[in-house]
Amino acid sequence: MPSALAVYYGPPTPAAVAALGAWDMAVVQTTLYTPEQLLALRKGGTRVLGYLSVGEDHALGDRACEPFGEPYHAAVNPAWGSVVVDAAHPQWARTLLARAAASVAHADGLLLDTLDSAESGATLARVRDVRAAFPQATLVANRGFGLLRELAPLLRPHGGGVLFEALSTTHAPAYAAHDAGGLAYTAGQLAEVRRLELPVWALDYADTPRLAAWARARAATLGLGTFVTDRPLCRAGGFP
């Protein structure tokens with residue numbers, strides 16, 4: 001079973017940083033942290049991954065995102081208030097590498113998000129750019145199941161792998177367990193990831209202790225742990 005992983009997108013309060021230090025690996029929005037905070041986590045034994053959105057643009061910290069305010073903006077994603085990009089656009093390629101550099105500074109690697117949003121060939125090209133620019137980084141793909149065969153060689157170095165978001169539960173339209181079809185789908189996709197011999201971590205959502213416990217129990221039957229949190233991913237220690 002892979003090491004325990006936390007995903008936290010809230011502010012770097014002292015309590016949050018202390019909670020993250022209990023995990024083997026933590027995904028955070030590193031540009032919100034000071035270099036000293038990130039160094040303290042890493043010295044304590046926590047591998048730190050910065051967040052990087054590959055297929056969508058969105059606001060982060062003091063960075064705004066006005067829909068269609070950039071030439072690479074293609075369509076609005078109303079579920080998150082983000083914008084799907086034209087991943088083949090040269091300006092997005094440059095922007096993504098600049099954001100990757102900022103996110104991985106003082107960190108061990110990157111979580112590659114929104115891999116299912118933009119055109120697959122261009123998305124794969126952007127991940128190849130990131131791997132070439134940061135050969136020593138740990139890269140973890142959030143889902144991206146349709147690209148995993150091509151992504152696998154880019155993820156394997158330095159302990160990278162796959163984050164299986166919403167393995168057993170979802171937050172939309174409400175916090176709930178997947179139905180039978182959804183559970184069969186996620187079990188099948190997990191088997192595909194394992195056939196590629198990639199490490200895999202899980203992420204689930206809950207708003208009650210009962211749902212959180214059920215998600216953890218199902219993950220255990222599948223041979224892995226899961227980090228259970230809320231929709232904004234603002235629980236550094238996970239759902240109790």
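Modeller: A polar contact is a pair of N or O atoms within 3.5 Å; within protein, one must be able to donate a hydrogen and the other to accept it, and residues adjacent in sequence count only if both atoms are side-chain atoms. This is a predicted model, where local features need pLDDT of at least 70 and side-chain atom pairs count only at pLDDT 80 or more, while totals for chains, interfaces and linings use all residues. Residues are numbered from 1 along each chain as its sequence is written, and side-chain values use heavy atoms, with hydrogens and water left out.

Biologist: Fine. What does the side chain of Ser 103 reach?

Modeller: The backbone oxygen of Tyr 51, at 3.1 Å. Ser 103 belongs to helix H3; helices (H or I, at least four residues) and strands (E, at least two) are DSSP runs, numbered from the N terminus.

Biologist: Is Ser 103 buried or exposed?

Modeller: Ser 103 is buried, at a relative accessible area of 6%. Buried means under 20% relative accessible area, exposed over 50%, partly exposed in between (1.4 Å probe, protein chains only).

Biologist: Which residues is Ser 103 in contact with?

Modeller: Leaving aside neighbours within four places in sequence, Ser 103 is in contact with Thr 30, Thr 31, Gly 50, Tyr 51 and Leu 110. Contact means heavy atoms within 4.5 Å.

Biologist: Now the sheets. What is the order of the 8 strands?

Modeller: The order is S1-S2-S3-S7-S8-S9-S12-S13, in an open sheet with parallel pairing. Two strands pair if DSSP finds at least two bridges between them. S1 (5-7) and S13 (226-229) are at the edges with a single partner strand each, so one side of each has no neighbour in the sheet. From one strand to the next the twist averages 25°.

Biologist: How many bridges join S9 to S12?

Modeller: There are 4, between residues 161-165 of S9 and 200-205 of S12, running parallel. Phe 164 has Ala 202 in S12 as its bridge partner. Helix H6 (residues 180-195) packs on the sheet and touches S9 and S12, its direction making about 175° with that of S9. Axes are lines fitted to C-alpha atoms, for helices over the stretch in contact, and angles run from 0 to 180 degrees between N-to-C directions.

Biologist: And the other side of S9?

Modeller: S8 is joined to S9 by 3 bridges, also parallel, with Val 140 opposite Gly 161. In S9, 5 of its 5 residues are buried.

Biologist: Switching topic: how many aromatic pairs are there?

Modeller: A search of the whole structure gives 4. Rings of Phe, Tyr and Trp (its six-membered ring) pair if their centres lie within 6.5 Å; planes under 30 degrees apart count as stacked, over 60 as edge-to-face and the rest as tilted. One of the pairs is Tyr 72 with Trp 92, tilted, 5.0 Å centre to centre and 55° between the planes. Tyr 72 is in the loop between S4 (56-57) and S5 (73-77) and Trp 92 is in H3 (residues 90-104), so the pair ties together parts 20 residues apart in sequence. Tyr 72 is buried at 3% relative accessible area, and Trp 92 is buried at 0%.

Biologist: What about Phe 145 and Phe 164?

Modeller: Their ring centres are 4.9 Å apart and the planes are at 55°, so that pair is tilted. Phe 145 and Phe 164 are both buried.
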